[in-house]
Amino acid sequence: MAPKYGFCFGFLMCLSSCLVASSLVRPSMAAARKLSALVEEQPFPMKYHNGALLKGNVTVNIVWYGSFSAAQRSIIVDFLESLNSRAPPAPSVSSWWKTTEKYHGGSSAVVVGKQVLNERYSLGKLLKTNHLKALASKPNLVGAVTVVLTAKDVAVDGFCMSRCGTHGWTRSGKTRSAYVWVGNSETQCPGQCAWPFHQPIYGPQTPPLVAPNGDVGVDGMVINLATLLANTVTNPFNGGYFQGPPTAPLEAVSACTGVFGSGAYPGYPGRVLEDKSSGASYNAHGVNGREYLLPAMWDPQTSACATLV
């Protein structure tokens with residue numbers, strides 16, 4: 001059975017990571033400087049295990065499981081199409097993704113492939129990991145990265161309890177295919193899987209950031225999808241880049257959980273940009289005038305988490 005890797009947000013869910021955030025705190029600038037100094041990030045190694053990475057053109061198929069509006073689908077698709085677009089101004093989604101080029105083997109150019117709508121919940125509304133793998137391993141999807149996205153009314157084993165998404169792989173004959181799953185946490189656990197766009201379950205209940213696309217659940221999915229997609233191309237089959245045990249690795253972005261801007265520390269996402277017209281928080285421009293909030297990614301050249309702002 002192919003292993004899978006999950007990740008989560010929320011201090012009590014991810015206690016093992018010193019960068020995990022449980023709540024959004026807005027201290028004074030003086031306090032921010034003092035606290036950030038206490039947790040100043042130190043370079044740390046992430047080992048390359050000499051296995052395959054996903055480089056060159058990387059086709060990404062999407063399985064929409066459950067009910068997603070056209071507007072919600074466009075937020076996700078625009079994000080994926082922004083990964084290699086040079087059109088948006090800096091800081092951009094593509095400049096964030098460009099960090100993956102620093103990993104062994106060069107660039108990973110994401111190409112949006114097939115999209116499958118499963119609006120009738122063919123496997124029901126309570127899914128286990130084997131259901132996710134079944135959705136990702138349809139014959140017409142083999143050979144690419146398949147992203148399975150579950151709607152807000154779909155419960156998935158471990159969702160909100162220990163993970164916000166996961167990645168792994170399936171095998172068809174001699175062909176291995178990577179997959180990613182991300183759930184919409186809007187009605188189930190936005191304080192855990194859509195932070196910092198929702199008040200956390202634990203800790204000080206300070207105002208959350210405003211979601212840049214006006215959809216807390218889907219903007220949260222973008223954060224999780226970005227995390228898992230970067231983790232997938234840099235460690236698709238458990239032989240790429242990771243730190244720690246292979247059964248619970250820290251990968252390209254999960255090693256930087258909770259960090260969105262400079263000066264971040266547990267409970268504070270860091271300094272990000274604010275859209276003057278909407279008040280939304282973001283750190284990356286995308287295609288079609290989109291704005292996104294993306295997590296920091298580990299930079300193998302500096303051995304530290306790199307932010308866009």
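A252 is found in the loop between β10 (241-242) and β11 (273-274), where helices (H or I, at least four residues) and strands (E, at least two) are DSSP runs, numbered from the N terminus. The model is a predicted one, in which local features need pLDDT of at least 70 and side-chain atom pairs count only at pLDDT 80 or more, while totals for chains, interfaces and linings use all residues. Residues are numbered from 1 along each chain as its sequence is written, and side-chain values use heavy atoms, with hydrogens and water left out.

At 0% relative accessibility, A252 counts as buried, a term that means under 20% relative accessible area, with exposed meaning over 50% and partly exposed the range in between (1.4 Å probe, protein chains only). Not counting residues up to four places away in sequence, A252 touches M46, Y103, A230, N231, T234, M297 and W298, contact being defined as heavy atoms within 4.5 Å. A252 and T100 are 152 residues apart in sequence, yet their C-alpha atoms are 8.5 Å apart in space.

The chain as a whole can now be set beside this residue. The protein chain has 6 helices and 16 strands, and buried residues make up 54% of its 309 residues. Among the contacts in the protein chain with a separation of 6 or more, 75% are accounted for by residues 24 or more positions apart.

**Helix α6 and its partner**

Two packed helices are described by the angle between their axes and the distance between the axes. Helix α2 (residues 70-82) and helix α6 (residues 216-234) pack at an angle of about 30 degrees, with their axes 10 Å apart; axes are lines fitted to C-alpha atoms, for helices over the stretch in contact, and angles run from 0 to 180 degrees between N-to-C directions. That angle makes α2 roughly parallel to α6, because angles under 35 degrees count as roughly parallel, over 145 as roughly antiparallel, 65 to 115 as roughly perpendicular and the rest as oblique. From α2, the residues that make the contact are Q72, I75, I76, F79 and L80, and from α6 they are V218, M221, V222, L225, A226 and L229. By class, this contact of α2 with α6 has 10 nonpolar, 1 polar and no charged residues, where Ala, Val, Leu, Ile, Met, Phe, Trp, Tyr, Cys and Pro count as nonpolar, Asp, Glu, Lys and Arg as charged, and the others, Gly among them, as polar.

Helix α6 also holds N224, which is buried with a relative accessible area of 0%. N224 and P295 are 71 residues apart in sequence and 8.8 Å apart in space, C-alpha to C-alpha. T232 has its place in helix α6 as well, and at 0% relative accessibility T232 counts as buried. The side chain of T232 makes a polar contact with the side chain of H167 (3.4 Å); such a contact is a pair of N or O atoms within 3.5 Å, and within protein one must be able to donate a hydrogen and the other to accept it, while residues adjacent in sequence count only if both atoms are side-chain atoms. Leaving aside neighbours within four places in sequence, T232 is in contact with L54, V145, H167, A178 and V180.

**Loops and backbone**

R290 lies in the loop between β13 (284-285) and β14 (291-292) and is buried, with a relative accessible area of 18%. Its side chain makes a polar contact with the side chain of N213 (3.2 Å), and, leaving aside neighbours within four places in sequence, R290 is in contact with A71, S74, I75, D78, N213, A284 and H285. I75 is also one of the α2 residues that make the contact with α6.

N288 lies in the loop between β13 and β14 too. Most residues other than glycine have a negative phi, and most peptide bonds are trans. N288 has a positive phi of about 55 degrees although it is not a glycine, and N288 is exposed, with a relative accessible area of 64%. Y121, found in the loop between β4 (108-118) and β5 (126-127), likewise has a positive phi of about 55 degrees without being a glycine, but Y121 is buried, with a relative accessible area of 15%.

Cis peptide bonds complete the picture. One joins A90 and P91, with omega about -10 degrees, and P91 lies in the loop between α2 and α3 (93-97). The peptide bond from W195 to P196 is also cis, with omega near 15 degrees, and P196 has its place in the loop between α5 (190-193) and α6.
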